[in-house]
Amino acid sequence: MKLTRRNFIAAVIGGVAGIQATPLPWKITDDIAIWTQNWPWVPVPSTGEFSDVSSVCNLCPGGCGIAVKKVDERAIKIEGRTDYPVNPGGVCPVGMGGLQLLYDESLRFTGPMKRVGLRGAGQFTEISWGEAFDMVAGRISGLRKKGTPEAIAAVDGNPEGTTVSVLIKRLMRAMGSPNYVRPPSINDTYRMGNLLMQGTLTPMAYDLENSDYVLSFGAGLLEGWGAPGRVMNAWGMWHDGNPAKKKTRIVQVESRASNTASKADMWVAPRPGTDGALALGIAHVIIKSGQYDSRFVSDHSSGFEDGRSLDGVNHIGFKTLVLEKYSPEQVAKITGVSPKTIVSLAKGFVSAKTPVAVYGKGKDSLNGSLYEFMAVQSLNALKGSINRSGGVLLPDPIPLSNLPLLEVDAVASKGLKTPRLDQAGTMRYPFSDSLINNFTEVIKKSSKSPVDTLLVFSANPFFTLPDGGGFKRALEKIPFIVSFSPYRDETANMAELILPDSTYLEKVDDIVWPTGLQYPLYGLSKPVVEPLYNTKNSGDTVIELSRAIDESVGSAFPWENFEEVLQVRAKGLFDAGGGLVSYDPDTPAWQRQTAGNGPKPEYESFDEMWEGIQSGGMWYRPVSSPRSWKGLFNTPSGKFEFSSKLIAQAIENYSNKISKKAALKNMGIAVTDDEACMAHYEAPKTGSDSSVYPLRMLPYEMINLASGWIPSPPFLYKTIFENQLLKDKSFAAINPKTAARYNLKEGALVAVKSPAGEVQVRINLSEGAMPGIVYLPLGFGHTAYDEFLKDKGVNPNNIVQAGQDPISGYPVWWDTPVKIVRV
Amino acid sequence: MDSPLLPHGVKRCSTWAFFFWTLPWLALLAWGGLSAFLCLWKGLNQTNMSNIFAFALWIVFDLAIIALGAGAFFTGFLTYVMGQKELKNIIKPAVIIGFICYSGAIAMLGIDIGQPIRGWFIFWHANIHSMLVEVSFCITAYLMVLAIEFIPIILENRKLEEIKELRIFGHNLHEIMAVFAATGTFLSFFHQGSLGGMFGVMYARPFAAREGFYIWPWTFFLFVLSAIACGPCFTILCTKLTEFFARKKLVPDSAIQLLAKISAWLLSFYMVLKIFDYLGWMYGIVPRSGLTFESFFREGPYGVYLVVAEMIFCGILPAIILMTPKARQNQGLLITACLLNCTGIVLNRFLFIIVTLAIPVMPFDRFWSYLPTWQEWGIGMAVVGYGFLLFSAAYRYLPIFPKERELNPITE
Amino acid sequence: MKKSNDHGKYKYGMVIDIDKCTGCGTCMVACAAENNVAVRADQSDKERTITWMRLYKISNGKEFPHTEVSYFPRPCMHCDHHPPCVSVCVATATKLDFNTGIVSQIYTRCIGCRYCQAACPYGARYFNWWDVFPQDKGMDRYLTPEVSPRMRGVVEKCTFCHQRLMGAKTLAYAEDRQEIEEGEYVTACTEACPAQAITFGDLNNPEHEVSKLIKHPFTFRLLERIGTDPKVYYHSSRDWIRKLGDNFLPGEYTPVVNKTWAEEEWSTKPGRDEF
């Protein structure tokens, strides 16, 4: 057919008309609509091969098992593991949001860095690892050459007993400085209390799952105490089935209607800091009614009855002390809890079959009071709940091998003889091994900082210490600070040099005995992804640094890398025998296994065991039968000591040097030396005028906000309520009655002032707050990190005026006098 | 300057005066243009709307102007279908007001939706169960009808009329206007109704939920009725406003009075039904949801006074004034009554949109307050500016008041 | 229109035990991580931040020290009877799948008119007020390819982790099974809850735990009397909590007293033990 003009036009018109009848124009328009939405900033996640990597969460000492979902090399989701003994399936919100801590680049240091801006400004420039090592090593060997290695100090936030912390301690010793300090934690209180009363060095082991009456003194069971995955799982178990026939009853002793307090079967609200008195009041009722476990008390305890010491002096016992001073009426005056409630608590506790009294202060990331702990532990002893299923277990320590003995050189041995700056372990604080608040004070008060070089590992004391901002001022005085933090935290921003650690998802690390767990567990977290940036496992950094310093220090670390050290220590697990490296959810680790040493190990050689630990991430020994009483308590009396002979000795030793009166005063004790050996209550010495500061401020912790040195994953801010944080202001929870005194409405902007400083917050009227107390949430108020975390709310630590806990010297952070001023 | 464009035989202000007159309205349009640009470019975060206030100022504006614009279809219906010749004197301004209201509303909706590019999905993926689909179909179709009704009015311009083809076209269009008027009436009826239905069908929102007839909740009928009760009043108000600025009479009183009388009857009828509606709601849906009447008027600025204002001051009172011949013949009272009537309907729409969303249904949920941003006001005000501009231009260049020459003979 | 899915094969639903819920918020984080939910710098703006699963804090309102707080975790209720959001959607971008009971949302079809948000009494629907995921921070690296990230201007909501149902089905087909087992398909929040407070399963299958739990006298739903027939159930032994689940006129609420269930006596508590 010839193409004429006419049929050309016809074809065009026909074509156009025809196309209209097809779906084509519609389809094209539809597609255009979708294409126009493909804005370059809406990401299209790449896909690939899916896989799961089992590891262990290392964001808190809880150490829950995690399964990380991956697509090719990208980690896309963290989930709880069901094949891990600590947490059958669940993790806490912080652990759940962990990928943001890995992938949010602006939270992290992407390589070794040197500060270029002002201190605290967070401006750094990237350098090479070689340069970084040269700079630190140069500084340190300079100090060693000058013969002042004690001017090196380290703050180590890694949990006690982990291999990296063992290495850091070793490095400090090898270099020759005694000034190794740790941020306080509840485990310090547990350690001292157990040492004094039981003579044991094993971590605290509460057999919560088997208990039928959990009397928690301040432990934030649902706020993140211990391993959150474990405690919350127990919580779910306790509430299974018919509530009328519920087996386990939970009583929470706390001044605020926290989640734990609200969700418990009973909530008792004593004034903050009087938990110990309440425990002693309960003890009074139990002793008076004669319902205590007389067998345990007579056979396995000492110091209950009055007695006469070898030198012929009469000493009062726990019984007399409690009966005289802690009647329900007397205790009611101290605590504000009615005598009736005290009696009913005692009744509940003694009538339960396997009750346990748990001690804590919120999460485990801050210390408690030694005497409070002793009071609570005395209750467990009275009921015979020690070394009994459902109570406090006394398992053997975890059998990790010690590293070979370290021989220090002359410089180091001279340096190690200098007194510790924090006075921990001296006569004044005989049982403490680290008092960072004292350390801070010494530096703050000095004209020239006694610390020249500070190494900071896995800690952010600038933010987390309850010291009224003291550490920050101490940092300002320290000439050279090195941070090993993977994150751009407040302390790191003050550092001259950053030798960044890899995050917990990029490195191998061990988790030694999660807080409060009733059986020994060694967890191994492993790299889920290759390090994203030029970072290095701090374990390896320490080894490499030691070699860079000098030969003598380097020779203390004869291992190729950190993983080798892990294996050296794990050797002990194999030698001890009897551990498992895999977990079957059908036989929970807390269920009593067959008598004897438990199940047969699944491995025959160390290599086999190590392989098992690497793939499963764990070595543990399920709960076994109560241990034989023989040799169980390593106290001077060989028994559980209501009245600690170690304290008596310490007081005597100190009294030999100065007068007894001065000794007691220096140790912070306001009672007689007899009483000082036992759990007792002492009103804190505030020294502030209550007419100027009529209120008390109590920081509180939340499970959905990281309160330790780890930044909160941005996801967590979704879970924060608008009356906890609104834009840049966090809220103080106060009772409406207290608010009415100051004529404050919901949302009012106020300044909370203490002798240590002031913070601006909004008011949240909360019936769950005890009148007279101002509750400030911990975890807000970062001045570092990125826009997700920075400048949101205030950090109550900045206005804490901490006293010292008697004997232990740890900060009393729960009793800050404050006033509220309208802004 | 523009005198060749002005209609024959009427007096208009100078070009400069007109230019200055347009300035404030152009300013509003500029404000709206900037707002629209920001909302389209950066997204709806420029507003203070939220997941609670998913509908806010713009939807109140939309519903209000659509109700007020109902004068167009209803006057058209009365003029062309019912044959009320008297109303020919006012039909043209009514149509223009309608066109302004509807085109303004659609423009606002285009910005209000989160994905303007996908707006046409309403037609492409239409969900026939959605009242909003019915609204969209009818509004779009009716805007076309309004445009068709508007065209012959434009073609009456002196210059355009000189073109023969256009004149014939306009004339022919005019001849078949009754068909469009009827179509418009049908479309309008359904979208005014479905706008009400939109709220009535939200059965999980006890404040808005209504029972009804077949698939139409009572709000369907109430919205139609209230729209045609206030539409004529709005037309009267616009005319009076034009007369005020033009400083001359433009529409014979008979037309105004007829509209006012019709409005009075409709408003009275509406008020009776609305009272029954309130009672039925208060004693039916509300207690069945476990709530009381007061529970909707306890939070924030929303009090029972709103209902009192809606029903008594802006409902019964104007109905009585308009119903009384003596009263409505008084210019002041007539204007007051028309104003109150229009306010009442706007208030009704406001309650249905804002209070429905503001008062949480879950007993543990909290109340949030809402204040529009300048961007939101900008878009709303742009419609006002657009309305003034278009209407003044129409008045200036088109013979929209047939009796203007007669009422204002030019004496040279 | 078919109004409910009684005749569908599966009807997925959830029971949340408020007594077990500890208010920790892990469900919210797990949900956000599973479903690529946007994160913005200021998330205290609760009116505009996106939380498919959201915790509501409730209180018994009593004076200190009788105060109790608790939490309502609130996902989408996946209303089974005539979901308020579905019928109003202009572009058919949300649907009740009669075969699974899941109320879905098609992001690429949503025009962002927000009528569904107005219609939903649970506040379960969220609009994308912002463009999100700044790629310069590298936070797009944790996004899962199983759920498409949303563009601004569209509404999103809980889908009962529909991608997990797809995954479970794929697995079952691969193993030559017709049916998926109980527990093979659970939502991210169910799986994540450290207190095991959430139970998920097929309400049409009497063998599933959820079907047993919903018969319990302590089980209730949010705003039940409005008639949306939610497939998310709550469970609490505390009266004041159950009472907050719906609106009641004075005298309307009757406490659960001595009802029998599964041959056991259950009695109600006014709240926690008094002391």
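Visitor: What makes strand E22 (residues 695-700) of chain A largely enclosed by the rest of the structure?

Guide: In this predicted model, 6 of the 6 residues of E22(A) are buried, so the strand counts as largely enclosed. A residue is called buried if 20 or more other C-beta atoms lie within 10 Å of its own.

Visitor: Which residues of E22(A) point one way, and which the other way?

Guide: A:Leu695, A:Met697 and A:Pro699 point one way, while A:Arg696, A:Leu698 and A:Tyr700 point the other way. Both sets are buried. In a regular strand, side chains alternate between the two faces of the sheet.

Visitor: How do you know that E22(A) pairs with strand E27 (residues 773-777) of chain A, and in which sense, parallel or antiparallel?

Guide: Pairing requires at least two bridges between the strands. E22(A) and E27(A) have 5 bridges, in the parallel sense, and therefore count as paired.

Visitor: How many bridges join E22(A) to strand E30 (residues 816-822) of chain A?

Guide: There are 3 bridges, and the two strands run antiparallel. Against the cut-off of at least two bridges, E22(A) and E30(A) therefore pair as well. A:Arg696 has A:Pro817 in E30(A) as its bridge partner.

Visitor: Which UniProt annotation covers residues 50-106 of chain A?

Guide: An unreviewed UniProt entry carries the annotation "domain: 4Fe-4S Mo/W bis-MGD-type" for residues 50-106 of chain A. In the model, that span is 16% helix and 37% strand, and its end C-alpha atoms lie 27 Å apart.

Visitor: Why is C:Gly183 called partly exposed?

Guide: C:Gly183 has 14 C-beta neighbours inside 10 Å. A residue with 12 or fewer is exposed and one with 20 or more is buried, so the count of 14 puts C:Gly183 in between, as partly exposed. C:Gly183 sits in the loop between helix H4 (162-174) and helix H5 (188-192) of chain C.

Visitor: What does chain C contain, and how many of its residues count as buried, in percent?

Guide: Chain C has 7 helices and 12 strands, and 61% of its 275 residues count as buried.

Visitor: How many residues of chain C and of chain A are in the contact?

Guide: Chain C gives 64 residues and chain A gives 73. H1(C) supplies the largest share of the side of chain C that touches chain A, with 7 residues. The residues of that side of chain C divide into 26 nonpolar, 19 polar and 19 charged.

Visitor: What about chain B and chain C?

Guide: 41 residues of chain B are in contact with 47 residues of chain C. On the side of chain B that touches chain C, the largest share comes from H6(B), with 4 residues. The residues of that side of chain B divide into 22 nonpolar, 15 polar and 4 charged.

Key. Residues numbered from 1 in each chain as written. Chains lettered and ligands numbered in written order. Predicted model: local features only at pLDDT ≥ 70, side-chain atom pairs only at ≥ 80, totals over all residues. UniProt positions renumbered as here; feature names shortened; annotations may be inferred. Contact = placed C-beta atoms within 7 Å. Nonpolar A, V, L, I, M, F, W, Y, C, P; charged D, E, K, R; others polar.
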